[in-house]
Amino acid sequence: MSQPKTAGPVPEDRTAEEEQPRSPREIRLVMVGLVVTMLLAMLDNLIVGTAMPTIVGDLGGAEHRSWVVTAYTLTTAASTPIWGKLGDLYGRKGSFLTSIVIFLVGSALSGLSQNMTELIAFRAVQGLGAGGLMVGVMSIMGALVPPRDRGKYQGMFAAVMALATVGGPLVGGFITDHLNWHWTFYINLPLGVVALAVVVVTLKLPKVRSNARIDYLGAILLTTGITSLVLMTTWGGQEYAWGSKEILGLAALAAASLIAFCYVEQRVEEPMLPLSLFKNLNFTLVSIIGFIVGFVMFGSTFFLPFYQQIVQGASATNSGLLLMPLMFGMLVVSLVVGQAVTKTGKYRIYPIIGTVVMTGGMLLLSTMGVGTSSFTSACWMVVLGAGMGFLMQITMLVAQNSVELKDMGVASSTATLFRTIGGSFGVALFGALFNNRVTDTMTERLGSQAAGGGAKDPGEMSPAELRKLPAPVQDAFHHAVTNGIDTVFLWGAGVAVIAIAAAVFLREVPLRGAGKDEKPAESSLEAAAV
């Protein structure tokens with residue numbers, strides 16, 4: 001596999017030191033800091049989302065509510081690849097600690113906000129730091145633990161994901177009810193201090209100072225392209241119609257920026273994202289799979305609680321618990337697969353099984369009706385979660401195993417970025433499908449009454465408000481939401497088929513391991529190159 005030229009190559013002693021086997025005790029100590037940091041990255045939006053009604057009631061500015069989330073998402077997505085490259089050039093520990101500090105500063109300032117404008121600005125700062133949290137966790141783990149042994153630790157991160165998804169809304173609700181919304185941000189501070197202390201004390205990586213020139217133009221073009229894509233998917237069908245000049249303009253800007261980015265990256269000495277990485281077949285395929293996993297995961301977790309609250313009558317207070325079956329399937333399978341990969345060194349079969357099971361789970365969920373029991377929907381969620389459990393950590397593992405150690409940060413950030421952009425597209429496109437199907441069903445069932453008794457947008461109708469409407473309108477709402485959900489999952493299954501095709505073409509490249517016979521020569525990476 002060809003590699004890009006570097007103006008300031010990573011010192012040989014750094015690579016050698018990072019490749020030195022680490023003791024299990026040293027790795028476990030570092031993992032404490034990494035796990036706490038990952039918890040920070042995943043909890044924040046879930047906690048804040050629960051507190052948003054109270055925040056808006058206190059600060060006002062309801063018309064700018066969406067920007068509290070959008071500002072965070074934008075800066076997180078745009079900064080992700082930059083953090084990965086900075087870690088490769090100047091050392092993973094330093095860039096990781098810097099991202100934690102920025103995240104904590106943004107959290108403190110967000111908690112001190114006195115109006116909506118301040119909150120949006122400080123959330124952007126917080127997102128800037130958040131972009132380096134997940135990348136830092138994954139790239140440091142990639143530097144410390146050989147891919148062959150990484151399955152031992154996959155369960156920790158799967159458990160954190162499950163804990164964050166279930167616990168985030170509950171913690172947010174508790175803080176909002178018993179303290180005040182400011183603590184939804186302040187809670188990050190003690191966790192962040194613990195993560196900083198543990199990483200500073202336990203993580204031993206060589207200090208690096210590269211002489212390479214930073215690819216500023218590439219960074220600007222990539223940031224512009226990512227920002228345009230996120231805004232397009234966030235605003236499309238919500239703030240502006242999909243065919244509006246604003247959305248079409250963003251699409252054109254995204255395309256022009258990314259085309260220019262590809263042109264620039266082929267000509268600079270130290271590219272922000274070496275395009276030569278995509279010459280590696282496995283790296284390209286797992287990037288595609290990661291995009292689709294993000295597409296399916298964020299899309300499904302966004303709409304499932306809505307179905308369970310509106311149609312099945314579940315309590316909104318327990319919205320986090322509603323996803324427990326999905327997270328249970330993901331956690332158990334991720335643990336089993338991680339141990340199996342560590343034991344055998346084989347991984348190709350798991351993405352194939354995972355994409356098939358994930359597609360099956362989407363198809364099962366597309367059969368849900370108004371009378372579907374909570375137990376049945378929970379079973380289907382377990383199937384979907386199991387499919388994602390085969391894929392969540394394996395995609396990152398294969399991406400990191402497909403590059404040289406010096407590109408670990410770029411590989412981690414690229415895998416994270418594809419999943420993030422996939423999630424953004426999933427929520428936007430699923431949202432458009434859902435809203436259209438709901439509107440069509442309401443019109444079919446109520447005709448002119450669709451704009452009368454059900455005057456409010458179904459997407460904004462709370463269960464309490466729904467119960468106050470006439471029985472025919474309630475019934476129409478139930479069928480409309482059910483048809484919308486079924487359409488979302490049916491289309492999601494169609495998209496997931498692409499992931500099956502990508503998984504079939506993955507190649508079994510030996511994983512780098514701690515043992516002498518486990519270290520692959522450079523040719524093993526080239527074996528997967530196109």
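Predicted model: local features only at pLDDT ≥ 70, side-chain atom pairs only at ≥ 80, totals over all residues.
1. Overall content. The secondary structure comprises 18 helices and zero strands. Of the 530 residues in the chain, 55% are buried. The chain exposes about 21300 Å², of which carbon and sulfur atoms supply 66%.

2. Contact range. When contacts between residues at least 6 apart in sequence are considered, 83% of them join residues at least 24 apart.

3. Geometry of helices 5 and 15. The axes of helix 5 (residues 116-144) and helix 15 (residues 408-446) come within 9 Å and cross at roughly 135°. The two helices are therefore oblique to each other. The crossing of helix 5 with helix 15 is right-handed.

4. Residues at that crossing. Helix 5 contributes Met134, Val135, Met138, Ser139, Gly142 and Ala143, which meet Met408, Gly409, Ser412, Ser413 and Thr416 of helix 15. By class, this contact has five nonpolar and six polar residues, with no charged residues.

5. Position and burial of Leu203. Leu203 lies in the loop between helix 8 (188-202) and helix 9 (216-235). Leu203 counts as buried because its relative accessibility is 1%, where the cut-off for burial is under 20%.

6. Surroundings of Leu203. Neighbours within four places in sequence aside, Leu203 is in contact with Val30, Lys93, Ile140, Leu144 and Val198.

How values were computed
Residues numbered from 1 in each chain as written. Heavy atoms only, no water. Axes fitted to C-alpha atoms, helices over the stretch in contact; angles between N-to-C directions. Helix = DSSP H or I, 4+ residues; strand = E, 2+ residues; numbered from the N terminus. Parallel < 35°, antiparallel > 145°, perpendicular 65-115°, else oblique. Left-handed = near helix turned anticlockwise from the far one by under 90°. Contact = heavy atoms within 4.5 Å. Nonpolar A, V, L, I, M, F, W, Y, C, P; charged D, E, K, R; others polar. Buried < 20%, exposed > 50% of the residue type's maximum accessible area, 1.4 Å probe, protein only. Areas by Shrake-Rupley, 256 points an atom, 1.4 Å probe, with all protein chains shown as cover.
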